[in-house]
Amino acid sequence: MQKIQKYYSSPRISQSALKDLAYHPLYYKAKHIDKKLSEEYGDEAEHFLIGSLAECILLTPEYIEQMYAIRTFELSPQIRKFVDYIIKNKIDYSSYDILFDIGKSLSLFGNIKSIDTYKNTLEKEKFEEAVYFYEQNSGKSIVTEELYNKAAEISNSFLHSPLTTQYFTQGPNVEILTSLDIYWFYEKVACKSLLDFVRINHSNRTIAINDLKTTRTPVSDFISTVIKYRYDIQAAFYMDAFKWWVQNIRTDLADYEILGFSFFVESTNNIGSPLIYHVPKSTIYIGKYGADIINNGVKKTLIGFDELIQNLKWHIETNTWAYTKKQYENKGIIDINIETC
């Protein structure tokens, strides 16, 4: 657990931070420098939470109780907001007079004008139980029973599917590293990577680097999300991180063959048919150095993590964030390239 906390609290550069920079420099600044944005994912919050929980159940079950808490009672959005406000501001919730005034100021419970009615509403909504639950589980991700059960089902799918089960089996002379945290350097920039699971076969001296993914679309459509979420950057960044780790930490693996990087993918809506997507060297290259591609007849430039790191250095040194480095260099003029096959 301390390992995971150390990783997320580290100020080093991660692949996800670089993808934030690729989205827009101002977004990167707000999230990673000014700390004005949370780690929430908007409408995708539940989807990502299911994925991270399924990963924890499958690969690091010893961390579950320390990282997650299961809420077994119903909770309305109004009460959840009210509870968050009470805890954040350390308000004494034993006085219904105080709670009544706060509720009115937050406009959470409509036109309730009687303290007695207000008290009955809070008791019916199990307000005190909710406050106690969230206080006791501060710092944990809160999940419902339904969400936990779905995550467990996804974990079991990876573990027992005839196409994936062998990869999660220890076996003789097989070493499986889960949540491998690597603190490394690229071009003198301090970086960090958290690899889901690495399978090391000491018999044939090979290594496979793997990452778990969940998708709301059919598993067979996963390739269509690679560009959208720039999973090529993640694969390339993690490959470089692991190679650095072998050269500097696990030198006993220096002569082992790295078979490559793969995504193990399962659907959150149609659970039971996980697939393995291997990332070829050509895609790893794009994740690192970028490429121009044609997408629906429009030329699109994919920037690699190598250039993103150089751009990040530039943004920090110049303290300019309104545009990308290239947009500054082109004085805001962008060519429209439309090509047909």
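I began with β4 (residues 189–201) and β5 (residues 206–215), which pair in the antiparallel sense over five bridges. Strands here are DSSP runs of E, at least two residues, and helices are runs of H or I, at least four, numbered from the N terminus; two strands pair if DSSP finds at least two bridges between them. In this pair, I found V198 opposite I209 of β5.

Ground rules: this is a predicted model, where local features need pLDDT of at least 70 and side-chain atom pairs count only at pLDDT 80 or more, while totals for chains, interfaces and linings use all residues. Residues are numbered from 1 along each chain as its sequence is written, and side-chain values use heavy atoms, with hydrogens and water left out.

Next I zoomed out to the sheet. It is open, with five strands in the order β3-β4-β5-β6-β7 and mixed pairing. The edges are β3 (174–186) and β7 (275–279), each pairing on one side only. Neighbouring strands are turned by 40° on average, direction ignored; axes are lines fitted to C-alpha atoms, for helices over the stretch in contact, and angles run from 0 to 180 degrees between N-to-C directions. Helix α1 (residues 2–9) lies across β3 and β4, at about 25° to β3.

Then I picked S193, which sits in β4. Is S193 buried or exposed? I put it down as buried because its relative accessibility is 0% (buried is under 20% relative accessible area, exposed over 50%, partly exposed in between, with a 1.4 Å probe and protein chains only). Leaving out residues up to four places away in sequence, S193 touches Y7, L180, D181, I182, W184, F237, Y238 and A241, contact meaning heavy atoms within 4.5 Å. With W184, the S193 side chain makes a side-chain polar contact of 3.0 Å. That term is a pair of N or O atoms within 3.5 Å; within protein, one must be able to donate a hydrogen and the other to accept it, and residues adjacent in sequence count only if both atoms are side-chain atoms.
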